[in-house]
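Please look over the sequence and structure shown here before reading on.

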Amino acid sequence: MEKEKELLDLQDDAPALMAVIFSKYGVQHRFASGYSSETAYVVNPKFAQELFILLCANAESHGDHLKQAFNFSGIKRYEWGDELADVQDKDITYHLNNNLYPYTGKEINRELYAKLLPQMSEDELNNTLSRIAPVFGRKPWLPALQQPEPCAETEMIDRAWNRMLEHEGFLSMLKPSGKQNYRGQSVPYARYSEHLYTFLGQEY
């Protein structure tokens, strides 16, 4: 969250926390007579876990067995009609979906999104928000953020985090335009999906 505040020049915690799971990408529509393009916006709490999986993988590659502190297991994910292999920790998934980024229902927090989309006019923002599917209507609940007591695992996380901040490729995934590619596919997932067997070991 603090890194998002720095990258996006935000002052408030709630928009910065939302930025972790907020993405935008270009959509191309093909027609017989040509094509058109538009910008799409997605809010997906899974992005936060995907970034954490990358962090755990980094820790493992440097001798820190961070992932053993969690219950990662293989799952199937469905993306644009394709069934793909993936990994998750059910407790992390539940926490992200129900505690940290709960559904807003039909009431979209306009002020929150306005801070993430400062370049939009009021009419453009209203039009964008009117087309956000209910599943993407989320709002961060700051009390769900809890700082753990320092321990061996937090030290591993800090070491991996500091290493990853040195790579521009990771920093780009913290920005809304870097979380998905032009086909609307998750960039963090694409980074770790080829190494799922190594990550999960015999459990995969």
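This briefing covers a network of salt bridges, a further salt bridge and a helix pair.

The model is predicted: local features need pLDDT of at least 70, side-chain atom pairs count only at pLDDT 80 or more, and totals for chains, interfaces and linings use all residues. Residues are numbered from 1 along each chain as its sequence is written, and side-chain values use heavy atoms, without hydrogens and water.

**Salt-bridge network**
- The whole structure has nine salt bridges (a side-chain nitrogen of Lys or Arg within 4 Å of a carboxyl oxygen of Asp or Glu).
- Lys46, Glu50, Arg77 and Asp86 are linked in a network of them.
- Arg77 meets Glu50 at 2.9 Å, N to O; Glu50 is in helix α3 and Arg77 in strand β3 (residues 72–79), 27 residues apart.
- Arg77 also meets Asp86, at 2.9 Å, N to O.
- Asp86 is buried at 0% relative accessibility (buried means under 20% relative accessible area, with a 1.4 Å probe and protein chains only).
- Glu50 is buried at 1%, Arg77 at 12% and Lys46 at 17%.

**Another salt bridge**
- Lys179 and Glu4 meet in a salt bridge of 3.6 Å, N to O.
- Lys179 lies in the loop between α8 (168–172) and α9 (187–192) and Glu4 in helix α1 (residues 2–8), so the pair ties together parts 175 residues apart in sequence.

**Helix pair**
- Helices α3 (residues 46–61) and α4 (residues 90–100) pack at about 145°, with axes 9 Å apart (helices are DSSP runs, H or I, of at least four residues, and strands are E runs of at least two; angles run from 0 to 180 degrees between N-to-C directions).
- In this contact (heavy atoms within 4.5 Å), Ala48, Gln49 and Phe52 in α3 meet Ile92, Thr93 and Leu96 in α4.

Note on methods
Buried < 20%, exposed > 50% of the residue type's maximum accessible area, 1.4 Å probe, protein only.
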